[in-house]
Amino acid sequence: MSAALQVEGLNRAFGALPVTRDVSLTLERGARRALIGPNGAGKTTLVNLITGALKPHSGRVALNEEDITTLSQADRARRGLARTFQINQLFRGLSVLENLCMTIGERDGHCNNLWRSAGSRRVVIDEALDHLDSLCLTDDALKLVRELPYGRQRLVEIAIALAQKPRVLLLDEPAAGVPSSESHLILDVVAALDPDIAVLIIEHDMDVVFRFAKEITVMVQGAVFTQGTPEEIMNNEQVRAVYLGQKGHQGGRHG
Amino acid sequence: MAASDVMNGTDRGLARERAAEYLLSRHRFRVAEALPWLVAIAAFFIVPDRMTFGSQVLIMVMFALSLDLILGYAGIVTLGHAAFFGIGAYTVGLAAARLQWSEPISGLFVAAIAAAIVGFITGWFLLRYRGLTLLMLTLATAIMLQETGNLRSDISGGYDGLPGLMFKPLLGAFDYDLYGHTYYLYVLAVLAVVFYFVRRIVYSPFGQALTGIRENVRRMHAIGSPVHRRLVAVYTIAAAIAGVAGALFTQTNAYVTLTVFDFDNSAKVMVMLILGGTGRLYGAFVGAAVYMVLEDYFSKLSPTFWQFGIGLLLVLVVLFARRGVLGLFESVGELLTKGKKR
């Protein structure tokens, strides 16, 4: 199997504070890896470095064997790297359907077209509706995103990432802020993802992590603390000490 | 969610069809869209002696429309849009005064190209910035162009401008008349063509992407949109349209001075657009018409204090109709339809 995503020796500091320290990580094709660690461990920063929202001070990122370290966020996204944000980043003033059509339009390069009407491509609209169908969002298709409850907005966030048809998907706490009565839907979606997509999920809920992940990476203070199978992590005394021991610590979820 | 879980196949099909229909039909022309054009044509017959003024209103509509494309749709805040109006105005002015190129229609094309080139170059540099920084940089660009004209007053005519320009008859047949009838129809025709272009752009996938940049630029980056390229593209197009408006300004007035580059001109067009409503296509029509007519009325009423009236109007709009006159109509319309449903 070839590596879908390869991160080698990434370093990044904010001023004098090192937030990512020599992080290396490999996602094989179809990987299901969870990234866990206490608050402030640098998980979201790592996602930002991988997607190109932040530039690393040293190190290398490769997507499908291609070095993408110097590429822009958009170029990386067009090569099949998608993410969801920890805090929703949506087109709040547009309808749910438009959010999806926009994504598909950018993915397929339609948005370079200044002349043809956006509404004249039935294929795009149908595909957008298919994505919404699979997340039970069809009824909300014409609602503005800002009119939806937060949990539903969270689903739109995932729908957008899936509509990008990614090869590598980075999920930053997909169920954060969603009432538990609705979070099962999000987690079902995550569990049913195309087995070909390599997925990295940041999650605090250990039940979800152990149900979903085949491999787990633990980060502490900006560095990879350890990685292994769920069993290995569960039985690792040190991990228990730094992280798993802090059960019930679900309050401030800022990674 | 419970509702959609129990929803059967046909209901879902209907919901899909309804959603798709909305997007499929959104770009079609609606009957109400004929209204501003009917008003413009009616004005030609009702107040035939005010057609010179009418031409100026239509020119400002076009100028505001170009600003709507970048401000209302792409969310680019600029205080230097007069730069492109001025480039267009001086392109035809200099061509007529120095090169004896006084054919009006080809002049519009040259003005559009000149303004587009300046728009592309300045946009490529400036559109990396946003907010206040961008505001200052665009303002500085317009001032620099104005001062360049001032520096080479041997060519530009300085602050005295280029008076008494002569343009050839339109299409070689229709000459300028005292009441400006010919030019009114000429400007109206050009506006119609420009509007058709802008409307196509707004409803195109490219136009949608601009809205996306306005709504959430981080998300646009994340879905792979070349944001900077899109912004430069629309800035260039808006510059070209502003250039055409400027060219028409010179042609209808038969003179041009460096005041076209004034900060006043940039600010005025923004006020017009905000007055009418941004991101709505027709906000430019309403805003420019209301502003110009009131300015005309107030300045006759009180030649010294006319700006007070405009100022008061702006305060009222900002306090009670944040989305402009059109936004106010929309809110009232929504209230009425909601009332009906109950």
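Domain bounds here come from an automatic or database domain assignment. This is a predicted model, in which local features need pLDDT of at least 70 and side-chain atom pairs count only at pLDDT 80 or more, while totals for chains, interfaces and linings use all residues. Residues are numbered from 1 along each chain as its sequence is written, and chains are lettered from A and ligands numbered from 1 in the order in which they are written.

**View 1. The two domains of chain A.** Chain A splits into domain 1 (1-80 + 166-255) and domain 2 (93-163). Their C-alpha centres sit 26 Å apart. Where they touch, domain 1 of chain A puts in 10 residues and domain 2 of chain A eight residues; being in contact means that two C-beta atoms, placed from the backbone, lie within 7 Å. On the domain 1 side, H6(A) gives the most, with four residues. That side has eight nonpolar residues, one polar and one charged. Nonpolar covers Ala, Val, Leu, Ile, Met, Phe, Trp, Tyr, Cys and Pro; charged covers Asp, Glu, Lys and Arg; the others, Gly among them, are polar.

**View 2. Chain A meets chain B.** Here 42 residues of chain A are in contact with 35 residues of chain B. On the chain A side, two or more residues each come from helices H2 (73-78), H3 (96-107), H4 (122-134) and H6 (180-191). Helices are DSSP runs (H or I, at least four residues), numbered from the N terminus. H3(A) gives the most to this side, eight residues. Sorted by type, the chain A side holds 19 nonpolar, 13 polar and 10 charged residues.

**View 3. The largest nonpolar core.** Such a core is a set of buried Ala, Val, Leu, Ile, Met, Phe, Trp, Tyr and Cys residues joined through C-beta atoms within 7 Å. Of its 179 residues, those touching the most other members include Ala159(A), Val61(B) and Ala288(B). Helix H12 (residues 227-253) of chain B supplies the largest share, 17 residues. Both domains of chain A give residues to this core, so it lies between them. Beyond neighbours within four places in sequence, Ala288(B) is in contact with Val57(B), Met60(B), Val61(B), Ala64(B), Met272(B) and Gly276(B).

Key: Buried ≥ 20, exposed ≤ 12 C-beta atoms within 10 Å, placed from the backbone.
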